[in-house]
Amino acid sequence: MRGRLCGCWWWVVVGTCHSGEIGLPGVEVRRLDVTDRAAVVALVAAVRPDAVVATPYRYGDWAVTADGAAHVAYAAARVGARLVHISSDALHAGRPEAYADDDPPTPIFPYGAAKAAAETAVRAIDPGAVLVRTSLILGEGSKQIQLCRDALAGRATLFTDELRCPIDVGDLAAAALELVGTDVAGPLNVAGPNAVSRAELGLLVAHREGIDPAGLKTTTGAGAGVVRPTEVRLDSTRAVGLLRTRLRGVSELLAAGR
């Protein structure tokens with residue numbers, strides 16, 4: 001919701017969570033199960049937001065990732081809210097060439113299929129929604145950074161053949177907020193400009209944190225028997241031209257001394 005004070009617009013933010021304790025300054029947090037359509041509709045009707053940034057996701061859970069996205073889109077459409085749906089590069093199969101914004105989904109594993117189904121539902125319910133296709137989300141407490149730390153400590157393994165275009169969580173959030181004020185619709189790639197493998201990401205984390213990379217455990221997806229996309233590069237040229245937010249590359253994000 002937006003308000004106006006002394007000639008300036010400001011946002012009143014209401015966040016949701018399923019479980020756990022979340023404390024964000026200036027943000028009212030409501031508990032919500034996105035698989036409960038009636039609960040989603042009731043909450044959105046009560047808040048009556050101008051815009052909804054939808055992030056329903058749980059790896060391996062179709063009801064949350066796909067059905068939850070449909071419920072949020074339906075509820076937002078009922079109150080006429082602008083919808084920014086956060087999607088994923090996981091819906092692509094992987095190929096040497098970069099993916100354009102409007103390349104159709106080609107999922108090869110269950111999570112990718114759930115994200116593709118979510119997009120299909122959102123587009124059917126609200127053709128004006130923007131579908132933000134993003135990549136590995138980095139931040140100090142992100143699971144991607146923690147996975148690298150675990151691999152450097154020998155507790156996990158990183159793939160050398162799984163390329164992505166990591167993005168900073170703050171850059172992604174700023175981009176989503178910008179898109180609220182636009183009429184951009186359909187798929188839009190919003191990812192960092194540099195493609196790196198998960199193993200290369202681990203080396204960057206080691207360099208930034210002063211960790212000896214000798215203990216980094218790596219393998220290939222094929223060697224681990226994992227069916228997941230390999231090379232997935234997102235071409236974010238259109239987003240770069242549309243947004244004021246600068247989408248920083250992973251090398252800059254994880255530069256030593258940051």
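Visitor: Which strands does helix α5 lie across, and at what angle to β6 does α5 run?
Guide: Helix α5 (residues 169-180) lies across β5, β6 (82-88), β7 and β12, and runs at about 145 degrees to β6. Contact means heavy atoms within 4.5 Å. Angles run from 0 to 180 degrees between N-to-C directions, with axes fitted to C-alpha atoms, for helices over the stretch in contact.

Visitor: What sort of model is this?
Guide: The model is predicted: local features need pLDDT of at least 70 and side-chain atom pairs pLDDT 80 or more, while totals for chains, interfaces and linings use all residues. Residues are numbered from 1 along each chain as its sequence is written, and side-chain values use heavy atoms, leaving out hydrogens and water.

Visitor: In what order do the strands stand, and which are at the edges?
Guide: The open, parallel sheet has the order β5-β6-β7-β12. The edge strands, β5 (51-54) and β12 (186-189), each pair on one side only. From one strand to the next the twist averages 20 degrees.

Visitor: Why is β6 called mostly covered?
Guide: Buried means under 20% relative accessible area, exposed over 50%, partly exposed in between (1.4 Å probe, protein chains only). In β6, 7 of its 7 residues are buried. Arg-82, Val-84, Ile-86 and Ser-88 point one way, and Leu-83, His-85 and Ser-87 the other.

Visitor: What joins β5 to β6, and what hand has the crossover?
Guide: They run parallel with 4 bridges. The chain crosses from β5 through helix α2 (residues 62-78) to β6, and this β-α-β crossover is right-handed. That means that, with the strands pointing away from the viewer, the path from the first strand over the helix to the second runs clockwise.

Visitor: How do α1 and α2 pack, and which classes of residue make the contact?
Guide: Helix α1 (residues 37-47) and α2 pack at about 35 degrees, with axes 9 Å apart. Their contact includes Val-40 of α1 and His-71 of α2. By class it has 7 nonpolar, 1 polar and 2 charged residues. Val counts as nonpolar, along with Ala, Leu, Ile, Met, Phe, Trp, Tyr, Cys and Pro; Asp, Glu, Lys and Arg are charged, and the others, Gly among them, polar.

Conventions: Pairing = 2+ DSSP bridges. Helix = DSSP H or I, 4+ residues; strand = E, 2+ residues; numbered from the N terminus.
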